Amino acid sequence: MGAITRRIANNLTLGSGRVLLNTTTITSDTATLNFDNTLITATYGIYEVYIEYMSSANGTATDGHFQLSPDNGSNFSTSIDQMSHRERQDDNSSGGNVFDIASKDDQAVRIFSGTEDNLPNIGVGLITVFNPMKSDSHTLVTHTTCNDVPGTADNIRNHFGVGRDDNAQAINYFRLKFAAGDIQKAQVKLYGVL
């Protein structure tokens, strides 16, 4: 019996898959990285943000943040509830710096912890946003990230967790930033999931 070959046209939508919507590369200090309402639409029920690398221009440890806006960046949600876990290499053996975050009414989902000092120190990971354009349900966020911890020799930190906008509102804008200082360099891809 011979081999069966199937060809699918690149523009054929099969009802499932990932569509690259945007690639942003930052090469000099920039305050924020934004995805606006030309990208965040009702077309997709799920969005994925792939951080290939993101470095902080800040000289001291700072957290990475992911923010949600219902009005194309004019205002950001101040009612984000989140739970996450952060752990640094060697912490289990020493008993230090392992902690869980459980907070309510925050302004951002924390995705990195202790990032500083430019390249080569970076944060990387995946953020998934569910139902952002549905005004009758909460927007939910999951993330799995890691980053260098340059203030402690030879250390890396993992960070994984969940968050939600406590308001049932349509979200049409995502922002990545650091709590203090600029983004020094970054490459981030936004996908819509069919």
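Q: A salt bridge is a side-chain nitrogen of Lys or Arg within 4 Å of a carboxyl oxygen of Asp or Glu. What makes the contact between the side chains of Glu-52 and Lys-189 a salt bridge?

A: In this predicted model, the N to O distance between the side chains of Glu-52 and Lys-189 is 3.2 Å. The cut-off is 4 Å, so the pair qualifies as a salt bridge.

Q: Which parts of the chain does the pair Glu-52 and Lys-189 tie together?

A: Glu-52 belongs to strand E3 and Lys-189 to strand E12, so their pairing ties together parts that are 137 residues apart in sequence.

Q: Why is Glu-52 called partly exposed?

A: Its relative accessibility is 36%. Partly exposed covers the range between the 20% limit for buried and the 50% limit for exposed, so Glu-52 falls into that class.

Q: What makes Asp-63 and Arg-110 a salt bridge, and where do the two residues lie?

A: Their side chains meet at 3.5 Å, N to O, and the limit is 4 Å, so this pair counts as well. Asp-63 is in strand E4 and Arg-110 in strand E7, so parts that are 47 residues apart in sequence are tied together. Arg-110 counts as partly exposed, with 22% relative accessibility.

Q: How many salt bridges are there by this rule, and which residues do shared partners join into one network?

A: The count comes to 5 salt bridges. One of them links Asp-166 with Arg-164, whose closest N and O atoms are 2.7 Å apart. Salt bridges that share partners bring Asp-81, Arg-164 and Asp-166 together in one network. Asp-166 is partly exposed at 29% relative accessibility, and Arg-164 is partly exposed with a relative accessible area of 29%.

Q: Now to the strands. What is the make-up of the chain, and in which order do its elements follow one another?

A: The chain has 1 helix and 12 strands. Along the sequence they run β-β-β-β-β-α-β-β-β-β-β-β-β.

Q: How do you know that E3 and E8 pair?

A: DSSP must find at least two bridges, and E3 and E8 share 7, so they pair. The sense is antiparallel, and Ile-46 stands opposite Phe-130 in E8.

Q: What makes E8 and E9 a pair?

A: These two strands share 8 bridges, also in the antiparallel sense. At least two are needed, so E8 and E9 (residues 140-148) pair. The bridge partner of Gly-123 in E9 is Asn-147.

Q: Let's look inside. Which residues touch the most other members of the largest nonpolar core?

A: This core has 27 residues, and those with the most contacts to other members are Phe-35, Val-49, Ile-51, Phe-66, Ile-127, Phe-174 and Leu-176. Among the strands that give two or more residues to the core are E2 (32-35), E7 (109-115) and E11 (173-178). In soluble globular proteins, nonpolar side chains tend to be buried together.

Q: What does Ile-51 touch beyond its sequence neighbours within four places?

A: Its contacts include Ile-111, Phe-112, Val-124, Ile-127, Leu-176 and Val-188.

Q: Why is Thr-115 called buried?

A: Its relative accessible area is 0%.

Q: What makes the link between the side chains of Thr-115 and Asn-147 a polar contact?

A: The contact spans 3.2 Å, and the distance limit is 3.5 Å, so the pair lies inside it. Thr-115, in strand E7, also touches Ser-56, Thr-60 and Phe-178, among others.

Q: Where is Asp-182, and how far is it from Asp-29?

A: Asp-182 sits in the loop between E11 and E12. Its C-alpha is 5.6 Å from that of Asp-29, although 153 residues separate the two in sequence. Asp-182 counts as partly exposed, at 29% relative accessibility.

Technical notes:
Residues are numbered from 1 along each chain as its sequence is written. This is a predicted model: local features need pLDDT of at least 70, side-chain atom pairs count only at pLDDT 80 or more; totals for chains, interfaces and linings use all residues. Side-chain values use heavy atoms; hydrogens and water are left out. A nonpolar core is a set of buried Ala, Val, Leu, Ile, Met, Phe, Trp, Tyr and Cys residues joined through side-chain atoms within 4.5 Å. Buried means under 20% relative accessible area, exposed over 50%, partly exposed in between (1.4 Å probe, protein chains only). Helices (H or I, at least four residues) and strands (E, at least two) are DSSP runs, numbered from the N terminus. Contact means heavy atoms within 4.5 Å. A polar contact is a pair of N or O atoms within 3.5 Å; within protein, one must be able to donate a hydrogen and the other to accept it, and residues adjacent in sequence count only if both atoms are side-chain atoms.
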